[in-house]
Amino acid sequence: MTIDYFFGHKELLEEFISRHKEFATHYNFLTKLSHSHLNEKVESAKRKSVLLSTIMLTGRCEADCLICCTDRRYKGDEELSLTEIASIFRQAKELGCKTIYIPGEGDPLLDNNFWHILELSKEMGFDLILFTNGLILSNDGLSQKQWNLTSEQIVSKLVDYPVYIYHKFWSTDQNFIAEIMRISPSLYNYQPFSINDKKTIMIPRGLSLLLKYFPIERVGIETVVMNKNFEENKDLIIPFIEKTKVKSYIEPLIHAGRCLGFSEYDIDPARYAELSPWISRLSCKRLGYKIFVDNAGYLSFGMQIPLEVYLPERKGEFSIRDGNGKVIDLFNLVHSNNLLVKGRYAINGCLCERISL
C-alpha cells in the first residue's frame, strides 16, 4: 500500500479502504508524510514487497485433462527462456521474495530448463513449491525419454533441492484417472498403500516414491473434487492425508482454461461443506505480495487470469520483455499498471473462477 500510494493510486486505495477499514490507519499515516519521508518508507517497503513469485513453465504435458484450468498449449519459442527466468528470480529476490511457486501451464517436469531452475532456486535461497501430475515420476519410459533417468532416480535427485512437491492424486482408481486425464491407463503406474489393517488403497507410483525419499513436510497431494470422486475424497483420500501427514490442496473445479464451460463433473456447491476444513479456494483471499508471470512472459494478478488472452489489444502492457532480449523492471510495472494494481486489491473470492466465467 505504501508503494502504490507513492505511485499515485490514491482513488483505488481509498475505494479499497472503504471496504476494508482495518487498513485505514496506515493509509491515513501515509497521507501525512512529507515527500522525502514517503521516499524513505518506499525504499524500505520495496525490499519486502514480494514474498512469493509464481512462474508458469512449459505448456507441454503428457496428459490431456478434460478439466485443465490452464489453456495447456505449448507456445514454443514464446516460452520463458532460462535467462529470463534467472532475471525474474534476481529481481524477485531483491524485492524480498522467499518462495517460488511453479504450478505449470503443462507439467513443469517437462520444461527443458527444469533442473537449471532448481539450481537457481538453491543458489538464491528460495523455497520452491512445485505441482506435477506425476506421470514422469510413475513411468520409467516417460522419465527416460525426457531426462535419461528412471523415475526413482529423478525423485532421489530432487531430494537435494529445496523443493516441496504436490503430486496429483485425483483418484485411487487408475481407470478413472485415465478417463479424466485422457491417457492410456498403462501410462500411470499405481502401487498399493495401507491406510490401516483393514483398508489398502492404490496410489500413483510417483507419490509412493516421494513418501520413500522425501521428508514428509515436503510432500503434498493435489486433488480436484468432482461428482465422480466426491465420496472417494471423503472415504479414501482424506484418510490417506491423515495417515501420512502430507500437505494437501483439495480444490473445487476452476472453470477456466480448458475447463471453461465444462460442467459435466460439477457438484452442488453445498456439498463442499462436507469436506470442510479440507477444501481450498472457496474463500480465496489471494496473496497481494506476489509477482505472477505466465510461461509466455506476461504478468497478471491471478494464476488463471491470462491478461494477454482476455485483453489481447492491451497485452503489450503486461509483457516482461523490453524488445531487446531483456526483462524490464518488474517492480515498476506491477506498481504502475493500473489494472495490475487494481487486481492486487480485489480480494473478494476466487477471481480465477469469477473473471473467467
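Student: Why is serine 356 called buried?

Tutor: Happy to take that one, bearing in mind that this is a predicted model. Serine 356 has a relative accessible area of 10%, and buried means under 20%, so serine 356 is buried.

Student: What makes the pair formed by the side chain of serine 356 and the backbone oxygen of cysteine 352 a polar contact?

Tutor: The backbone oxygen of cysteine 352 lies 2.9 Å from a polar atom of the serine 356 side chain.

Student: Where does serine 356 lie, and which residues is it in contact with beyond its neighbours within four places in sequence?

Tutor: Serine 356 sits in the segment after helix H16, which covers 351-354. Leaving aside those neighbours, its contacts are His255, Ala256, Leu260, Gln304, Tyr310 and Leu351.

Student: How do you know that the radius of gyration of the protein agrees with that of a compact globule?

Tutor: For 357 residues, the globule value would be near 21 Å; the protein has 21 Å, so the two agree. Its C-alpha trace spans about 70 × 45 × 40 Å along the principal axes.

Student: What share of the residues is buried, and how many helices and strands are there?

Tutor: Buried residues account for 55% of the 357, and the secondary structure consists of 16 helices and ten strands. Of the contacts between residues at least 6 apart in sequence, 74% link residues at least 24 apart.

Terms used: Residues numbered from 1 in each chain as written. Predicted model: local features only at pLDDT ≥ 70, side-chain atom pairs only at ≥ 80, totals over all residues. Heavy atoms only, no water. Helix = DSSP H or I, 4+ residues; strand = E, 2+ residues; numbered from the N terminus. Buried < 20%, exposed > 50% of the residue type's maximum accessible area, 1.4 Å probe, protein only. Polar contact = N/O pair within 3.5 Å; in protein donor to acceptor, adjacent residues only side chain to side chain. Contact = heavy atoms within 4.5 Å. Rg over C-alpha atoms; globule rule 2.2 N^0.38 Å.
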